[in-house]
Each structure stands twice: as C-alpha cells, then as structure tokens.
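Visitor: Please show me the structure, and then let us go through it by question and answer.

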Amino acid sequence: MATRNSIRTPLARAKGLGASGGGTDHFWHHRITAVSNLLLMLPFVVIVALVAGRPHAEAVAIVSHPLAAIVLSLFVVSITIHMRLGMQIVIEDYVHGKGAKIAAVIANTFFAIAIGAASLFAILKVGFGFGPLL
Amino acid sequence: MASAESARAEAKRPLSPHLQIYRWTWTMAMSIFHRATAIVLYVGTVFLAFWLVSLASGAEAYASAAWFFGSPVGYLLLFAYTWALMHHMLGGVRHFVWDFGRGFEPSQRFLLAKLTLAGSIGLTLVIWIVALIAR
C-alpha cells in the first residue's frame, strides 16, 4: 500500500473538487465564456449599430433574421453566464458575512437568469413572431 | 502623556493598507478599471434586456425605448457602455495572455496595461465613427 504525504483522503483527491467543492469549474467556465464573448462581440456590435435609429418594423426585420437572432441569443447566454461568475467573485471578495454572502450570491444568480430569460424570450418572440409578416 | 500620544499615533496608523496607501501604477489602475467596467456592464444588461423586450413588445413600446436611447442621456450612456465593453474585452484579452504564462515582465505588464486603455478608447471611437457615418 502506497504511503500518503497528504491529509486529504484518496476519495477527495480522486474527486479533485478542493475546498470550494466545485473544483476549477468556476474559473474554467469564466474563461470559456470569455472566449465566446470575444467571438460574439463583433457581430453583436454590428447588429446593435445596424438597428440603432431605425423604426420598429425595420429593427424587427433585422433582429428576426435567423443569423442575427441566433447570434444575439448566443451572446445573451454567454454574457449572462460570464457576468454571473464574475459578480460572484466580486461578492466573495467584498461581502464577508456568511449570510449576506450567500444571499448576495443567490440574488446574483437570480439577476443573471432574469436578464438572460427576458432577453432570450424577447429575441425569440421577435424571431418567430413578426419578421416577414410585418 | 507620552503614552496617550503614542496611543493616538497607534490609532491613526493604517491597520489594513488599502488603495490610498499605494502609489498608483498602470497595472493597478487597469486592474481596478477591469473590475469597475465589469460592474458597469453587469448593471447595463438591464438596458440591453429593456431594449430587446421593448422591441418584442411592439411599435409603441419600442418608440419610447428608442426615444430614451436617442436622447442625450441615452447617447452618453451608450457611449460610456461601448467604452466599458471594449475596455473589459481588451482587459480579458490581457488576462488570456497571462493565462498562457506570458507578459509578466514589468515592461510587458505596463505596455499591456497602456495598450488596454489606448485600445479601448480607439475601438470605441472607431465603432461610433463607423456607426454614425454608416447611418
């Protein structure tokens, strides 16, 4: 039997989740969504610039184009996941009370999901609902 | 008397050195900018959702949203948001460079920090000039 030089149990080592219980997922997902944010940034800025200043019918025509709707949807999903992870780091840095910290982290998750759900619903409604009919 | 003075001096001594203690450096400033722009972008997603939901709610709702974003306050908000977006994006690229174990030498760190600020201002101006010309 091999000797252990660590107080960590073999099971804990095998799981590799560490003190946070979540392993490196938080860090890794933050980086993955940073990459997807970066890739989606240019098309997002172009779509917003194209839509800006146009009347409703024209704005709907642009956003309801499948390519625009898909890019906007991916962007919204990517940024809301990224900002949830990022804000959790900020909360964990500055909110020290245990109860307040847990409450803030939960509120952060709710906010990110609410923004994501509202934006996604809006994009899909425009994409499915109006478009050529208008 | 002497002990009272020393006690007062002791009380004034900063117990936990924070921002006001340190000499500002480019890397420190850009690190703070990175987190500050992150928080601005976080709050600003409310406006993104507001814009998209108004678009999905019909012509009347969209007209009021368009009026807001087309107002001087709206333009200022959008301009500031563009800069925050570009700055946080370039700050993220800087972090990618560091993630690959590069750019840690003092001269490289300061160059990256300055490029982040200059690049974000440059990109913001390019986006707005192109968007306004293409209008």
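Visitor: Which residues of H4(B) are buried?

Guide: This is a predicted model, in which local features need pLDDT of at least 70, side-chain atom pairs count only at pLDDT 80 or more, and totals for chains, interfaces and linings use all residues. Residues are numbered from 1 along each chain as its sequence is written, while chains are lettered from A and ligands numbered from 1 in the order in which they are written. A residue is called buried if 20 or more other C-beta atoms, placed from the backbone, lie within 10 Å of its own, exposed if 12 or fewer do, and partly exposed in between. By that criterion the buried residues of H4(B) are Thr82(B), Ala84(B), Leu85(B), Met86(B), His87(B), His88(B), Met89(B), Leu90(B), Gly91(B), Gly92(B) and Arg94(B).

Visitor: Against which helices do the buried residues of H4(B) pack?

Guide: Helices (H or I, at least four residues) and strands (E, at least two) are DSSP runs numbered from the N terminus, and two residues are in contact if their C-beta atoms, placed from the backbone, lie within 7 Å. On these terms the buried residues of H4(B) pack against H2 and H5 of chain B, together with helix H2 (25–51) of chain A.

Visitor: How far does H4(B) reach from its first C-alpha to its last?

Guide: The expected span of a helix is 1.5 Å times one less than its number of residues. H4(B) has 28 residues, for which 40 Å is expected, and its reach is close to that, at 40 Å.

Visitor: Which element gives the most to the side of chain B that touches chain A?

Guide: In the interface, 23 residues of chain B are in contact with 24 residues of chain A. On the chain B side, helix H2 (26–56), helix H3 (59–70), helix H4 (72–99) and helix H5 (106–134) each supply at least two residues. The element that gives the most, with 13 residues, is H2(B).

Visitor: How many helices and strands are there in chain B?

Guide: From the N terminus on, the elements of chain B run α-α-α-α-α. Of its 135 residues, 24% count as buried. The count for chain B is zero strands and five helices.

Visitor: Why is Val95(A) classed as partly exposed?

Guide: Val95(A) is found in the loop between helix H4 (66–94) and helix H5 (98–129) of chain A. Not counting residues up to four places away in sequence, Val95(A) touches Ala100(A), Lys101(A) and Ala104(A). Val95(A) is partly exposed because the number of other C-beta atoms within 10 Å is 15.
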